[in-house]
Amino acid sequence: MTERPWDDLLSERDRQVIEAAGYDARGASNWNTRGVGERPMVLVVDMQRLIVAEDVSIFEAIEETSRIAIGEGAWRAMAEMVDLVERARELGHPITYTRVVPPAYDDPGHPDLAVVDALAPAPEDDVLDKRYASCFHGTDLVSRLVRAGVDTLVVVGGTTSGCLRATVVDAQQSGFNVVVPQECVFDRLDLSHRVSLLDMWMKYADVRETTEVLAMLESVAR
């Protein structure tokens, strides 16, 4: 079995619990491994200049941009995201971007809040502004998804333990299939990142390698 991001954090007891409960099983009986349905959408969470910053160490990013900036870790994930988003768009799958607008920013048009150029939305993509961690809270995202006939969200972006995890939980609780390409997400702390991936995999989402997710998207090309 391919090594997963959380494997070296598990105790022997943890491994035994996972095996005994069948979390590794791939099948309809395991609610978090449903894969993509007939109408997936890629949801790109908060890939903004304020958070991504430049491709520098996180310490430089914090000093030069903001206390929530991440730098090179976000850029590593973004390299994977660009390929996935571009391929999904080629296949005809809808793309939605979200932007968090912190209380300190009265103007949603502030340059810091823009999606980074390398991952900029195309004219046909939706952009959704939000105030809270989850992309569902205080927004009309559910209505948008229902109107578009979406049954699956492929969630990428950041942060793994923050806005992305909150969105994944709400998506699963709203009845959508949820898939998380593990190389397409990032966080400030490695521990938070890996534990959150484990938590989502066990409870809320189908967490897989990006190559597997791309194959899923290609299997249901529009």
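**Note on the predicted protein chain**

1. With 222 residues, a compact globule would have a radius of gyration near 17 Å, and the protein chain agrees because its own value is 17 Å. The radius is taken over C-alpha atoms, and the globule rule is 2.2 Å times the number of residues to the power 0.38. Along its principal axes, the C-alpha trace spans about 50 × 40 × 30 Å.

2. On the basis of the note: this is a predicted model, in which local features need pLDDT of at least 70 and side-chain atom pairs count only at pLDDT 80 or more, while totals for chains, interfaces and linings use all residues. Residues are numbered from 1 along each chain as its sequence is written, and side-chain values use heavy atoms, with hydrogens and water left out.

3. The protein chain has eight helices and seven strands; these are DSSP runs, with helices (H or I) of at least four residues and strands (E) of at least two, numbered from the N terminus. Of the contacts with a separation of 6 or more, 74% join residues 24 or more positions apart, where contact means heavy atoms within 4.5 Å.

4. Buried residues make up 50% of the 222 residues. Buried means under 20% relative accessible area, exposed over 50%, and partly exposed in between (1.4 Å probe, protein chains only). The chain exposes about 10,500 Å², of which carbon and sulfur atoms supply 49%; the areas come from the Shrake-Rupley method with a 1.4 Å probe, and for residues only the protein chains shown count as cover.

5. Buried residues of H7 include His193, Ser196, Leu197, Met200 and Trp201. The buried residues of H7 pack against helices H1 (12-21) and H6 (163-173), and against strands E5 (177-181), E6 (185-186) and E7 (206-208).

6. The loop between E4 and H6 holds Thr159 and Thr160. The peptide bond from Gly158 to Thr159 is cis, with omega near -10°. Thr160 counts as buried because its relative accessibility is 0%. Leaving aside neighbours within four places in sequence, Thr160 is in contact with Arg165, Val185, Phe186, Asp187, His193, Ser196, Leu197 and Met200. Thr160 and Met200 are 40 residues apart in sequence, yet their C-alpha atoms are 9.6 Å apart.

7. Most residues other than glycine have a negative phi, and most peptide bonds are trans. Asp46 lies in the loop between strand E1 (40-45) and helix H2 (49-52) and is buried, with a relative accessible area of 1%. Ala53 lies in the loop between H2 and helix H3 (58-64) and counts as buried at 9% relative accessibility.

8. Gly149 is placed in the loop between helix H5 (141-148) and strand E4 (152-158). With 42% relative accessibility, Gly149 counts as partly exposed. Gly149 and Glu38 are 111 residues apart in sequence and 9.2 Å apart in space, C-alpha to C-alpha.
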